[in-house]
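Please read the following note with the sequence and the model side by side.

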Amino acid sequence: MSACTATREQEIEGDVNEFRSWVNAQTNKLEERTEEDWKKTKEDFKQRTAELDRKQEGFSEKLRADYQQIKADFKAREVERDSLANNEAQLTKWERDLLGQYANGTALTEANIEQAYQNFMSNVRARNKNWQQRDWEMAAAVLEELNQRKEAFEELPDETEVRIKALQMEFAALKESETTK
């Protein structure tokens, strides 16, 4: 009888260890997960926990605590993933608001990149009067994204680079003056 009990405990412990491995694999690199993929992962989590919840009466105290911690870790990562998705949605909205027609990265060309920066700064100047720290952070994220897109262009004319640098510096100065008040 005790050999059967030991085997059953090992099986349950194996199930929990497999669940831990699955949770770790699913919550690794959350920022790369698509919304659809994450939705499927959450459904899988519900199914797996429902199955393990039914087996909990066979868990030792240590294994039960371990299992609860694994579930709590997943839930914390779920909150983190939801926050990432929310930030992404907010950034997209800010890009549309501050870049206008240039929000779509494919709309940018070497010929209009300077206009995108001018558009950005024009919108920043017009809207920043009541911004809080979070607003400035979002605007800075939009500028960083625009800067990354600009890097895709081989070489811009020096005068274009100088005018873009001036706009970047204007943003930095505005942000600094507003966030230190």
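1. Leaving aside residues up to four places away in sequence, isoleucine 113 touches Leu108, Leu146, Lys150, Phe153, Leu156 and Ile164, where contact means heavy atoms within 4.5 Å.

2. A word on the basis of these values. This is a predicted model, in which local features need pLDDT of at least 70 and side-chain atom pairs count only at pLDDT 80 or more, while totals for chains, interfaces and linings use all residues. Residues are numbered from 1 along each chain as its sequence is written, and side-chain values use heavy atoms, with hydrogens and water left out.

3. Confidence comes next. The mean pLDDT (the predictor's confidence in each residue, from 0 to 100) of the protein is 88, and 96% of its residues reach 70 or more. Helices here are DSSP runs (H or I, at least four residues), numbered from the N terminus.

4. Ile113 also belongs to the largest nonpolar core, which has 25 residues. Such a core is a set of buried Ala, Val, Leu, Ile, Met, Phe, Trp, Tyr and Cys residues joined through side-chain atoms within 4.5 Å; buried means under 20% relative accessible area, with a 1.4 Å probe and protein chains only. Leu98, Ile113, Phe120, Val124, Leu146 and Phe171 touch the most other members. Helix 3 (61-99), helix 4, helix 5 (133-150) and helix 6 (158-179) each give two or more residues to this core. Apart from it lies another core, of 14 residues, including Val16, Phe19, Leu30 and Leu63.

5. Which residues of helix 4 are buried? They are Ile113, Glu114, Ala116, Tyr117, Phe120, Met121, Asn123 and Val124. Their cover includes helix 3, helix 5 and helix 6.

6. The aromatic rings deserve a separate point. Rings of Phe, Tyr and Trp (its six-membered ring) pair if their centres lie within 6.5 Å; planes under 30 degrees apart count as stacked, over 60 as edge-to-face and the rest as tilted. By this rule there are 11 aromatic pairs. Phenylalanine 19 and tryptophan 22 are stacked, because their ring centres are 6.3 Å apart and their planes lie at 15°. Both phenylalanine 19 and tryptophan 22 are buried. Tryptophan 131 and tryptophan 136, in contrast, form an edge-to-face pair, at 4.8 Å centre to centre and 80° between the planes.

Definitions and conventions
Buried < 20%, exposed > 50% of the residue type's maximum accessible area, 1.4 Å probe, protein only.
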